[in-house]
Each structure stands twice: as C-alpha cells, then as structure tokens.
Amino acid sequence: MEDRDDELLSRAAEWTSGSPIDFLPQLATLRGELIDRLAPRSEMSGIAKVDSEVEQVLSEIVEALFVNVRSSTAGVQEVLWEYLDALENDVYSIRAAVNEYTVVLAATCQQAASRQMSEVKGIGASLSQLSEIDQRMVFKDVVIDEAARANPLDLLVPMALAERRIVLVGDHRQLPHILEPDVEREIERSVQQETRDQLKKSLFERLFTDLRNRESRDGIKRTVTLNLQFRMHPVLGKFVSDTFYAPYGEDFESVKNVGQFDHGLASYQGKVAAWVDIPISEGRETGGRTKRRNAEARWIAAEVRRLALERPDLSFGVITFYSGQRDALMRALVELGLAESGEGGAFEIRDAWRETTGTRKERLRVGTVDAFQGKEFDVVLLSITRSNEIEPRDQKALRQKFGHLMLENRLCVAMSRQQRLLIGVGDAGMFKGDAAEEAVTGLVRFYKLCGGAHGIRL
C-alpha cells in the first residue's frame, strides 16, 4: 500500500467534523483497488476469486469482535438488541425455530386432534385418512385447563392423546360444564331429579371424586387442591372458603397482607362487605323465564358512576344471574353516559370507561355470572334481582322464589370475583327464615357478614 493510501485512510479514520466527508470518491476508488488486490483473478477462467486465507482471517476477526462485545459491560444489551433485531426483521426464521424446537402445543379440546395439529406434529395425512390415531399424534403429557367446564365428549379428545400423564386443571365448585341451552331445558323438563343431578356433574368432577376415593384406599396422591388464595381480602377469602369449599374438605387460607386490598372509598368506611337493601316496596322482580328489577339496576348504575369517578384507578364488575337484569343494568348505564348501543342493538361500555388509569386494566364489565369466570375486579356489585312474596312451602316453591340463586356453583363464582370490596344489592327480606338458610346459604351468610365488624349495611 502506498503512502498516499495510508494518508487517505488515516484521514478518514480521524474525521470528527460534523460535515460530510469531501473525499468519498477517493475512498471509493481505494476500496475497489484493495478488493482487487485481495481477490486475485484465476489464471484459468479469469473469474475473480476470494482468497480463502483472507476470508478465514476476516471471519475470525468478526467472531472475535462479537465475543469481545458480548463479554463487555454492554454485552447483555448487545445480545438483547441482536435478539430483538431478529424478532423484528427475521419473522420466517423465528417461526421456523418455534415450529422446529417447541415442545409445547396448545389447542382447544376439539382441535387437539385436528388436521392443523397433525401438520404441526409433522404428520402428512389428516386424521380422517388414518385407520387409527398415529403414534406421532400422541403426547407424553396432556394438560387441560378449565377442565370442569368441558363436557365429557370434548374432554375425552385430548385425554385420548396422552401417553404418560393427564393433568386436569379446574374447579367443579364453580361454573358447571357447558351444555346446549335447548338440551339443558329439555333435561329440566323431562328427566327425573336423580338423573338431572348426574347429568349436571362434569366428567372432571366425577374423576376428581373417584381419584379422591382411590387415595383413601391406597394412599397414592392423585389430586391437589390449592390451599392459598391471593386474589381478595382475607376476610372475603375466608367467607368464600368457609361457605363454598370447607363443607367439602377443600378449604383454603388467604394471604395476610391486607394493605394491598384497601379500596379507599369513603362511603364504605374501609369495610370489605356491604349490603344495600332495596325492599320490595321499591319495586318487585318482573319477567318470565328471565328476571329483571329496574330499582336495583338504576341504583347500581348511579353507584358505579359515583365510585368510578371517585377512584378512576379501580375496576368494577357488575354481576347478575339473569340476562334480563343484565340488559336493564346496561340501559341504566346508557342513560348515565357510561354505555351505548352498538351494532345490532347490543350494549357496549363507552371508550372513556373501558380502562382504569395507571394500570390500564378493564375498568367496567357488566354481565351474567358466565361472563365472569376467571375474571377479577377491585369492586364487585352483585345484583340479586329476585324480590317476591312467594311462600317457600316445598322444593318447587323454593325454586320459584329463588330461581338461579339456588345454584351453588354460580353463586360461588359471583361471590369470588372481587379483590377489595363486595357489594350485594337486593331485597334483604328475601333472606330471612330457615327456608332461605337452606336454599341460598351463601347469600344469607353474606348478609350476616355485612352486619359484623368487617361489613356495612346501607
């Protein structure tokens, strides 16, 4: 390399001015000359070839630089940057890597044995073309979430694909397995009570009970029930445990850090349980198959608006047992500007009320119990809805008086969604007497809790 080339390269290396380099053409010319020198032409073909020794040295230099950077103080950031760059700019390679190396596949129960799953597993033919389940469709372990909600036929699909272990995760004390509404109504109408009770038991519950019985005989552990909850205030956690789980030997304890469950709502005076009495004189329930009570709906809508304005960082869930009452609640929220009618006449929460400040979680949800499985909110308002003067002389009269409130599973879900405060809104007169104690134990106990040191009645 000549002196003028050295001078040009040194000048470029030491360039600190903010203005563009004014000798780029000379640098471009020098680059071409250096490339020519490093890649001599073949004597036979005249085609330029890369000097293999130079190529090897350059590769070693690049690798050494990478190693040096990764081992430096900025190495972690450099590696993360490379990973982020690959995620953003090399989508196909990332997808190929996930498909090639993943050891976990996820699907719904029915899709677990689908054509798409067989393709991911590397099976060319669809299952419909196979005389029996291909061994490649078998998984060492199968984990099924919300197993208590799956009906038996759906649940058996992924269970049949397990080779070594099946783990069913669910809670049969909460919502039962899903049945077609028409089938459920026909069962209620034409099937004996004992048969109805059996049909309403999920396969998950049957297996849980059977495995518990086996444990008692041979001492081999096959079931696990969670024994510590972190969702709600310990007082509310104890209420849920004692009411819905302890009678079955499945009680649990609560995290003791009560400070994290403060709601700071002045009108509730630091209490965690509240009952707002709206007596029958304010308006009774109406409706046929589904019930509604406008007096409750109007009060709840106004209270939600007031509390949400007081604490925009808190989330609020409004739960009812009836679709008719859900619609009544939404109409009341529309009148107050918290909701609006969407396409097809459906109701929607307005954008301004959809997210909390700060944490940006769901701020307001209104619906029947089924819409709240797995959800949690800082404050829950439970619309009781039922308010009548039916005398509960027998079981039929009890069902006519309390309706869906007698379904322990749904009551368990409705009364375990809150974190800081549970507010029951309804006719307190419905929950007096021995009949109520037997039919709607959870609501009677909650009303008593609201009259104690941790509750308030309004």
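Modeller: Here is a chat about the sheet, some helices and the salt bridges.

Modeller: Before we start, this is a predicted model, where local features need pLDDT of at least 70, side-chain atom pairs count only at pLDDT 80 or more, and totals for chains, interfaces and linings use all residues. Residues are numbered from 1 along each chain as its sequence is written, and side-chain values use heavy atoms, with hydrogens and water left out.

Biologist: Thanks! How many helices and strands does the chain have?

Modeller: There are 17 helices and 12 strands. Both are DSSP runs numbered from the N terminus: helices are H or I with at least four residues, strands are E with at least two.

Biologist: And what percentage of the residues is buried?

Modeller: Of the 458 residues, 35% are buried. Buried means under 20% relative accessible area, exposed means over 50%, and partly exposed is in between, with a 1.4 Å probe and protein chains only.

Biologist: Okay, on to the sheet. What is the strand order?

Modeller: The open sheet has 6 strands in the order 9-6-10-11-5-12, with parallel pairing. Two strands count as paired if DSSP finds at least two bridges between them. At the edges are strand 9 (364-368) and strand 12 (455-457), each pairing on one side only. On average, neighbouring strands are turned by 15 degrees against each other, direction ignored.

Biologist: Which helices pack on the sheet?

Modeller: Helix 12 (residues 294-310) is one of them, touching strand 5 (273-277), strand 6, strand 9, strand 10 (377-383) and strand 11 (418-426). The direction of helix 12 makes about 165 degrees with that of strand 10. Helix 17 (residues 441-450) packs there too, touching strands 5, 10, 11 and 12, and its direction makes about 100 degrees with that of strand 5. Such angles run from 0 to 180 degrees between N-to-C directions, with axes being lines fitted to C-alpha atoms, for helices over the stretch in contact.

Biologist: Is helix 17 largely enclosed or exposed?

Modeller: Largely enclosed by the rest of the structure, because 7 of its 10 residues are buried. Among them are Leu443, Phe446 and Tyr447.

Biologist: What are its bridge partners in strand 9?

Modeller: Gly317 has Arg365 as its partner, and Ile319 has Gly367. In total, 5 bridges join strand 6 (residues 316-320) to strand 9. Strand 6 also pairs with strand 10 over 5 bridges, in the parallel sense, and there Phe316 stands opposite Val379.

Biologist: I spotted Glu296 in helix 12. Is that residue buried or exposed?

Modeller: Glu296 lies in helix 12 and counts as buried, at 0% relative accessibility. Leaving aside neighbours within four places in sequence, its contacts (heavy atoms within 4.5 Å) include Gln325, Ser383, Thr385 and Asp427.

Biologist: Changing topic: how many salt bridges does the whole structure have?

Modeller: The search finds 26. A salt bridge is a side-chain nitrogen of Lys or Arg within 4 Å of a carboxyl oxygen of Asp or Glu. One of them joins Asp141 and Arg164, with the closest N and O atoms 2.6 Å apart. That pair links distant parts of the chain, with Asp141 in strand 1 (residues 139-144) and Arg164 in strand 2 (residues 162-168), 23 residues apart.

Biologist: How accessible are those two, Asp141 and Arg164?

Modeller: Asp141 is partly exposed at 32%, while Arg164 is exposed at 56%. Salt bridges that share partners join Asp141, Arg164 and Arg165 into one network.

Biologist: Nice. What about Arg231 and Glu376?

Modeller: They form a salt bridge too, with the closest N and O atoms 3.1 Å apart. The two are 145 residues apart: Arg231 is in the loop between strand 3 (228-229) and helix 11 (234-245), and Glu376 is in the loop between strand 9 and strand 10. Arg231 is partly exposed at 22%, and Glu376 is partly exposed at 40%.
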